[in-house]
Amino acid sequence: MPRSEYSAARWWRGGWCALWLVIASPLAAEDSLVEVRGAITADGQPTAARLYVRSTEGKWFLADSLAADSPAVPYERQRSETVVEIHTAVPAEGFRVRLPPGDYEFLAERGKEFFPASQHVQVAADGTPRVELELRRWIDMSRLGWYSGDTHVHRAVDEIRLPMLADDLNVAFPLTYWVTEAHESPVKAAKSVRNSPGNVPIEVTPRHIIYPLNTEYELFTYGGRRHTLGAVFVINHKQPLELGAPRVVPIAEEARRQGALLDLDKHTWPWTPMIVPIMKVDLFELANNHIWRTEFLFRDWTIDTLPDDWDVEIDAAGGWTERGWIDFGFKTYYAFLNCGFDMQPTGGTATGVHPVPLGFGRVYVQIDGELTFDKWVAGLKAGRSFVTTGPMLTVEFDGKPAGTRFSIDDKTSLRPRVTGLAVSATPLDRIEILVNGEVVEAIEPANERLPNGSYHSPIDARVALDGSGWIVVRCFQPRDQGRFFYAHTAPAHYELPASPLKPKRRDVRYFLKRVEEEIARNRDVLTAAELAEFETARAIYAELLQRAE
C-alpha cells in the first residue's frame, strides 16, 4: 500500500499527550496513483532536505527516496487538527511520491541557513511536471566559525543520520538511556537501549557528528505510583550510568567524574529549583521542547508555577501563550543567573516525542578552526554560544565572545561596549540588550537587505553597570499569526569584587516558595535522604534571601 493520507486522534491525560497516527483508507486505487519525482538543490548542488507534501484539501503525504541505498526518513506527529509535523527527510539523490490526481504544495526546508523553497504542482492522470526545489542560502555560519547542535533528541542514532544532513545540524545528542521511574537504573530502564552505543563520536560527515551516550532522568512515578518530580539530562558521559534518581547529588558527582554536562530541560518541572543549586546544572534550554515549527500547544502544563508578579502574558483562559511561555523561560533563566547559578543556554527539541523537526530550536557554538566534537562541547560549556529558532546573533562584549568573565578593578571601567550583528531571513522588529535581566538598551533594527536576500542589523552600544553583573543580547523576528522567532546570546560576566552581584528578593522568594511546596508535597513520599536534598536547597535560598535586594 502506498504512503497515503494521515489523520490523528489525541488522548490527553494529566498534561501528558499520547498519540495514535491512523493511516486512512487510500484516497484512490493503486492503479490510479501518479508517481511524482523531484530533486532538491542548494545553490545549484543536490542536497538532503526536509520535504513537506500537502494537498490543497489539507492532506499530508510522505515521500520515498530515489536511491535504494539511501532510504528516506519519514516523521509523523500530530496532536490536533492544526498541531501537525509530517515531513520526510530525503537524501540528495532525489525523491518520489505517489499521489492521486489533484493539486499539491511541495515545500523544502533545510535547517536555519536557507530560504525555504516551494512549488505548486498539479498532478494529472496522464502525467505531471517534475518537481524542482531550489534552496538559497542566506547565511553560512560554519564559514564564520559557528556550528549548531540539538541537546535533546529522542530518536535512535541510525534514525537521525539523514535528518542531520537534511536540517544541516552539526552536533546531536540522542538520549539513548531514558529513565521514567524513580530508582530505576538507566541501563535497565524500559526506554533505554539494550546495548551500550559506545562513547565514540559518530561522524555522519566531518561536519555532522552524533554523540551516542547520553541519559535523561524524567521521573513520573515513585514506588509504582504516579508522582512527577522532573527531568534532567546527562550528556556526553563516557560509560553507561547505573545510578537511579532520586537522590540527584550522586548522579551529578558521577557526571562530573565522567566529564559530562548536566542539561536542565524545562524550567517548570517540580524539582527544577532544587536541582539547579544541588546538582550545579551546566545548561539551561532557552529553546526548549515546547517550542515548535507548528503552533503552540501546552497551554495548561505547569501553569501553577507562574508567579503573580512576574508580568508574564497568559491567555484569556488563564493558560500560557507561546509568547508568555518563552518569556517565562527567559525570566527564570535570568533569576537563576542573578542568584549566582552559572548556566549556559542551549537548545533542544525532543524530536521523536513532539511534532517538531530535529534542530528547530538549536544552539550555535563558536569554535576556532575545523569542527571537532571536543572543541564544540568545550565551547558549549564555556558559553561561546547563542540559541536560536530563526535569526543569527553574533555578538562580542568589549571585543570578547559571550561567556567571557571580565575582572574589573573599579567602577570607572564599568561601561562595556556591545558590538555585533543580527542577521535574519526576514526583518527583525526588536534587538535588546539586557543587564542582570533588565532591558537597558532597545535597538531599532536596521534590516539592511543584502543581495542574497538576508537582512543585516548591526549592534554597537555602550551600557552602564552599577557593579558586578552580566549582559546578554536577544532579538525577535516576527512570523505569521503574531508569533516570532528569536535568538539569545549566552551571558558575558563583569565581576567587581567590591560590588558583588546581588540576587533580587522577588526571584529568591519565588524559588524558595517552590522548594518549600515540594518539601510539603514530598514529605510522605521521599525517603529522608532524598528529602534532605530539598532541605539543602531551601537553606541555599534562605541564605541568598539574606543578601538579596
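Visitor: In which strand is the place of S385?

Guide: S385 belongs to strand β26, residues 385–388. Strands (E, at least two residues) and helices (H or I, at least four) are DSSP runs, numbered from the N terminus. This is a predicted model, in which local features need pLDDT of at least 70 and side-chain atom pairs count only at pLDDT 80 or more, while totals for chains, interfaces and linings use all residues. Residues are numbered from 1 along each chain as its sequence is written, and side-chain values use heavy atoms, with hydrogens and water left out.

Visitor: Is S385 buried or exposed?

Guide: Buried means under 20% relative accessible area, exposed means over 50%, and partly exposed is in between, with a 1.4 Å probe and protein chains only. S385 has 1% relative accessibility and therefore counts as buried.

Visitor: Which residues does S385 touch, not counting those up to four places away in sequence?

Guide: Contact means heavy atoms within 4.5 Å. On that basis S385 touches W146, P345, V363, Y364, V365, A402, T489 and A490, with residues up to four places away in sequence not counted.

Visitor: How many residues apart in sequence are W146 and S385?

Guide: They are 239 residues apart in sequence, and 8.4 Å apart in space, C-alpha to C-alpha. W146 is found in strand β15, residues 146–153, and is buried, with a relative accessible area of 7%. Leaving aside neighbours within four places in sequence, the contacts of W146 are M141, Y364, V365, Q366, R384, S385, F386 and T394.

Visitor: At what angle do helices α3 and α7 pack?

Guide: Axes are lines fitted to C-alpha atoms, for helices over the stretch in contact, and angles run from 0 to 180 degrees between N-to-C directions. Under 35 degrees counts as roughly parallel, over 145 as roughly antiparallel, 65 to 115 as roughly perpendicular, and the rest as oblique. Helix α3 (residues 272–280) and helix α7 (residues 528–546) pack at about 80 degrees, with axes 9 Å apart. The two are therefore roughly perpendicular to each other.

Visitor: Which residues of α3 meet α7?

Guide: From α3 they are P273, M274, P277 and I278, which meet E533, F534, T536, A537, I540 and Y541 in α7. An α-helix has 3.6 residues a turn, so residues three or four places apart point the same way. For residue classes, Ala, Val, Leu, Ile, Met, Phe, Trp, Tyr, Cys and Pro count as nonpolar, Asp, Glu, Lys and Arg as charged, and the others, Gly among them, as polar. The contact of α3 with α7 divides into eight nonpolar, one polar and one charged.

Visitor: How many of the nine residues of α3 are buried?

Guide: Eight are, so α3 is largely enclosed by the rest of the structure. The buried residues are T272, P273, M274, I275, V276, P277, I278 and M279. What covers them includes β21, α2, β22 (261–263), α4, α6 and α7.

Visitor: How do the axes of α4 and α6 cross?

Guide: The axes of α4 (residues 322–338) and α6 (residues 505–522) come within 10 Å and cross at roughly 100 degrees. That makes α4 roughly perpendicular to α6. F328, T332, A335, F336 and N338 of α4 make the contact with D507, Y510 and F511 of α6. By class, this contact has five nonpolar, two polar and one charged residues.

Visitor: Where is H183 found?

Guide: H183 is in the loop between β17 (177–181) and β18 (202–205). Its phi is near 70 degrees, a positive value in a residue other than glycine. At 43% relative accessibility, H183 counts as partly exposed. Q481, in the loop between β35 and β36 (484–489), has phi near 60 degrees, again a positive value in a residue other than glycine. At 77% relative accessibility, Q481 counts as exposed.
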